[in-house]
Amino acid sequence: MPSVLTLTPNPALDLSVRTAQVQAAHKLRCHSVLRHPGGGGINVARMLHRLGIEVQAHCLTGGVAGGQLAALLAQEGVRTRCQAIAGETRENLAVLDDSNGQEFRFVMPGPQIEAQEWQACLDAVQSLDPAPQWLVVSGSLPPGVPDDFYARLARWAQGCGIALALDSSGPALAEAMEAGVALVKPSLRELRALTGAALSERHEAIAAAAALVQRGAAQTVALSLGGEGAVLVTARGVWQAPAIPVSAAQGTTGAGDCFLAALLAAMVRGDPPAQALRWGVAAGTASLLAPGTALAEPRQVLRLLDQVQVTALAGPAL
């Protein structure tokens with residue numbers, strides 16, 4: 001069994017295009033069409049594979065789009081287990097407006113998942129022998145899957161000594177945090193929704209992340225601040241890294257997934273927290289240089305790595 005297993009209940013076939021200008025009621029002629037396998041855990045697995053980490057992607061797929069997604073993963077050499085469902089795998093669309101560099105992302109809800117399908121998914125993951133070192137649960141939950149789906153996996157992982165990394169939002173995120181995880185990667189918006197606080201100042205956001213560690217909701221919080229960089233909080237300390245100034249004109253799809261994958265790759269290797277954060281920021285930045293829904297290229301990650309400046313903060317007492 002690979003050291004990392006990613007689970008994506010709601011994968012997607014990601015389509016990205018560019019157009020001269022987005023205008024209402026006009027036929028928009030598109031170019032630079034790209035198709036990639038997508039969904040949080042899928043992208044994390046793809047990036048981990050590029051970084052040389054043994055990984056397997058588990059996902060729920062169905063229909064023509066599901067078949068295309070599986071074929072694209074096979075082309076990349078990502079070890080994948082596709083669990084068949086009756087519904088059709090969703091397709092997402094990202095449109096880049098060439099006139100102003102704005103990106104429009106159209107994200108579909110996904111197919112209805114029947115109770116026997118999501119239960120079979122839980123059973124498949126929980127029956128793995130040997131178990132992975134890390135389980136990454138990432139992305140939205142499709143219709144029909146209960147809000148505590150990730151929380152169930154978090155409780156199981158704790159009992160088995162498996163480290164669980166979580167990247168989600170809304171009730172799925174909140175319920176899993178109550179169960180407790182090894183690593184969580186919220187955006188500032190997601191942290192605000194989770195805590196119910198405005199968190200208008202950076203020190204407030206850091207304190208909120210530290211509170212999650214203090215109460216045992218997460219051992220490590222990797223807080224993404226978008227254009228302001230990222231913060232890593234553990235019981236050992238707090239580290240921050242400003243963003244590397246690059247253009248996002250190619251689109252931002254997959255940046256958070258690349259950040260999480262590279263951060264996790266460093267943790268799997270046993271790198272210290274500051275170095276793990278450096279890898280995460282470099283990979284998230286490198287993804288901005290890739291066209292459309294394409295992910296970061298390892299050579300770009302390595303090129304940017306030394307440009308990431310990580311500072312240790314005193315932070316709140318943990």
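Predicted model: local features only at pLDDT ≥ 70, side-chain atom pairs only at ≥ 80, totals over all residues.
**View 1. The cis peptide bond between D129 and P130.** A cis peptide bond joins D129 and P130, with omega at about 5°. Most peptide bonds are trans.

View 2. Most residues other than glycine have a negative phi. S32 is not a glycine, yet its phi is positive, at about 55°. This serine is found in strand β3, which covers residues 30–38, and S32 is partly exposed, with a relative accessible area of 42%. L199, also a residue other than glycine, has a positive phi near 50°, and L199 is found in the loop between α6 (188–195) and α7 (202–214). With a relative accessibility of 8%, L199 counts as buried, because buried means under 20%.

**View 3. The open sheet of 10 strands.** The strands of this open sheet follow the order β5-β4-β1-β8-β9-β10-β11-β12-β13-β14, and their pairing is mixed. At the edges are β5 (79–84) and β14 (311–313), each of which pairs on one side only. On average, neighbouring strands of the sheet are turned by 20° against each other, with direction ignored.

**View 4. Strands β1 and β4, with the helices that pack on the sheet.** Strand β1 (residues 4–8) and strand β4 (residues 55–61) run parallel and are joined by 5 bridges. Within this pair, L5 stands opposite Q56 in β4. Helix α1 (residues 40–50) lies across β1, β4 and β8, and runs at about 150° to β1. Helix α8 (residues 255–269) also packs on the sheet, where it touches β1, β8, β9 (163–167), β10 (181–184), β11 (218–224) and β12 (230–234), and its direction makes about 170° with that of β8.

View 5. Leaving aside residues up to four places away in sequence, S138 touches L7, T8, P9, G40, G41, Y150, D167 and D257.

View 6. Strand β6 (residues 90–97) and strand β7 (residues 103–106) run antiparallel and are joined by 4 bridges. The bridge partner of L96 in β7 is E103. Between the two strands of this hairpin there are 5 residues, and in the turn G101 has a positive phi of about 75°. Which residues does V95 touch, not counting residues up to four places away in sequence? The contacts of V95 are with V17, T19, V22, Q102, E103, F104 and F106. V95 has its place in strand β6 and counts as buried, at 9% relative accessibility. V95 and E201 are 106 residues apart in sequence, and their C-alpha atoms are 32 Å apart in space.

**View 7. The crossing of helices α6 and α7.** The axes of α6 and α7 come within 11 Å and cross at roughly 60°, and the crossing is left-handed. On the side of α6 the contact is made by L188, L191, L194 and T195, and on the side of α7 by A205, A208, A209 and L212. The residues of this contact divide into 7 nonpolar, 1 polar and no charged.

View 8. How many disulfides does the structure hold? The structure holds 0 disulfides. C258 is in no disulfide, and the nearest cysteine sulfur, that of C59, is 18 Å away; a disulfide would need the two sulfur atoms to lie within 2.5 Å. C258 is buried, with a relative accessible area of 0%, whereas C30 is partly exposed, with a relative accessible area of 44%.

Technical notes: Residues numbered from 1 in each chain as written. Heavy atoms only, no water. Buried < 20%, exposed > 50% of the residue type's maximum accessible area, 1.4 Å probe, protein only. Pairing = 2+ DSSP bridges. Axes fitted to C-alpha atoms, helices over the stretch in contact; angles between N-to-C directions. Contact = heavy atoms within 4.5 Å. Left-handed = near helix turned anticlockwise from the far one by under 90°. Nonpolar A, V, L, I, M, F, W, Y, C, P; charged D, E, K, R; others polar.
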